[in-house]
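Welcome! Here are a few exercises to work through with the model open beside you. Try each task before you read its solution.

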Amino acid sequence: MEQYKIKGGRRIEGSIDACGSKNAALPILAASILTGEECLIERCPAISDVNKMKYIIESIGGRIKEEDGGLLVDSSFLGSTEVPRDLMQSMRSSVFMAGPLISRLGRAEIYRPGGCRIGMRPIDMHISVFEAFGAKIRSEDEKIVCEAPPGGLKGAEIKLPFPSVGATENAVCTAVLAEGSTVIRGAACEPEIEDLATFLKSCGAEIEGAGSSVIKIKGVKRLSGTRHKVISDRIEGGTLMLAAAVTRGSLFLRGGVFAHMESFLMALSLCGCSVTVYNDGIEVKAQNRLSSLEKLATAPHPGFPTDMQPQMMAALATADGESRIEENIFENRFGAAKELNKMGAHIEIYGKNAIIKGVRCLEGKDTEASDLRGGAALVIAALAAEGESNVGGIKHIERGYSGLDERLRSLGADIERT
Ligand code: UD1
């Protein structure tokens, strides 16, 4: 089993280019099948989740090849409406195929998606969205069959009970080809949704308000192929910034977008880091031990992102004083705490709160990642720790980080993939 062998205590310093966003690339790749023409998606990160999305699109008849540093998706001939069960269960983002499939082919056959075990993660909101457009949903054993009515999908008034990122993306993808107008209220405002809308608009879709809580869409008859460059990954960039912060280093993230990372950068500066925003990127410097945070609460964008919470918990484990983190998006996202405690951290979990008593130093230990961002948290802790750590379970980390070991090494870390 592969693992990262990390010798802690090396300062992370230097500059690095931001890479393309996983959470933007995945729904955009799925949405590219709406067009039936060639779409070149540039800056897709080289991660296993993107590979899985490639297999999913190929499994229904799409063709994908690497071209000009991007992925060229040709979905002119789609032969199947079913996403195979094993691929469906290989990641949560498989659910992004449902909206585009119902829209394009009038039918989607899916299974309950898999993904990181960080909470219950039901798909009830996605299903209600499809029903609002007139789709009929039925279960056949474990399969969920979603079918457009004979007259086709009709624009809808949708009010999401919670700003779910995935349900908003499926609603947008279903609305763009539905007949008439759609209004999505209570929509998620994440930058990745704006990027999906930018992509769809360049294909000819009519969308207003993406990135706000009310999105208005006028259905069009067809979409055409396009070329699109995915936005920077704010979570990967933030993870590298925290690696610099815990090692009293500095990082210039070229291509980092302040507006996408504001609440995270605010938290970093409250911890005592200096944050400077330039035209072409963001610089973070830490000269001293980090200060604790009285309370950090995750929230939908523009609040503090749940995807940065485990990494922040690892950083606060060595901060000066006691911190509290409240996790408001997923029910079970403190999985890394147990492994961090093995390294000498003092983290106690009470329901959706983590109380973190900062210690001066963590000790290198063998730990095991059990989910993507929790795994990244263990890497951050190992970089800060005294001595050597082996972080196992890196298949979880590699779902969302492309060449994390190489990128950290280029910034001065002593990390090897063994
Ligand atoms: C997306 C991101 C993920 C991030 C999350 C929250 C991608 C590929 N993944 O996941 O990295 O952590 O947003 O920012 O973009 N929920 C329901 N019913 C539903 C859908 C969601 O109850 O039908 C709940 C979830 O269980 C969770 C909350 O809503 O508690 C937020 O989930 P959601 O925003 O949908 O997350 P994802 O789209 O799965």
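**Exercise 1. Find the two domains and describe how they meet.**

Step 1. The centres of domain 1 and domain 2, taken over C-alpha atoms, are 30 Å apart. Domain 1 covers 4–19 + 232–417 and domain 2 covers 22–229; such bounds come from an automatic or database domain assignment. Before going on, note that this is a predicted model: local features need pLDDT of at least 70, side-chain atom pairs count only at pLDDT 80 or more, and totals for chains, interfaces and linings use all residues. Residues are numbered from 1 along each chain as its sequence is written, and side-chain values use heavy atoms, with hydrogens and water left out.

Step 2. Look at the area buried between domain 1 and domain 2: about 1900 Å², with 52% given by carbon and sulfur atoms. Buried area is the accessible area (1.4 Å probe) that two parts lose on being put together, summed over both.

Step 3. Now search this interface for charged pairs. Two salt bridges are found across the interface of domain 1 and domain 2, a salt bridge being a side-chain nitrogen of Lys or Arg within 4 Å of a carboxyl oxygen of Asp or Glu. 

**Exercise 2. Decide whether helix H1 is buried or exposed.**

Step 1. Locate helix H1 at residues 22–31. Helices (H or I, at least four residues) and strands (E, at least two) are DSSP runs, numbered from the N terminus.

Step 2. Apply the cut-offs: buried means under 20% relative accessible area, exposed over 50%, partly exposed in between (1.4 Å probe, protein chains only). Nine of the 10 residues of H1 are buried, so the helix is largely enclosed by the rest of the structure.

Step 3. Alanine 25 has a relative accessible area of 0% and is buried. Not counting residues up to four places away in sequence, alanine 25 touches Cys44, Pro45 and Val230; contact means heavy atoms within 4.5 Å.

**Exercise 3. Work out which side chains make polar contacts with glutamine 311.**

Step 1. Go to helix H10 (residues 309–316), where glutamine 311 is placed. Glutamine 311 is buried, at 0% relative accessible area.

Step 2. Recall the rule: a polar contact is a pair of N or O atoms within 3.5 Å; within protein, one must be able to donate a hydrogen and the other to accept it, and residues adjacent in sequence count only if both atoms are side-chain atoms.

Step 3. The side chain of glutamine 311 meets that of threonine 239 in a polar contact of 3.3 Å.

**Exercise 4. Follow salt bridges through the whole structure.**

Step 1. A search of the whole structure finds 30 salt bridges. One of them pairs glutamate 2 with arginine 417, with the closest N and O atoms 3.7 Å apart. This pair links distant parts of the chain, 415 residues apart: glutamate 2 is in the segment before strand E1 (4–7), and arginine 417 is in strand E23 (residues 414–417).

Step 2. Check the surroundings. Glutamate 2 is partly exposed at 44% relative accessibility, and arginine 417 is partly exposed at 36%.

Step 3. Finish with a network of salt bridges, which links Glu82, Arg107, Glu109, Arg138, Glu140, Lys143 and Glu147.
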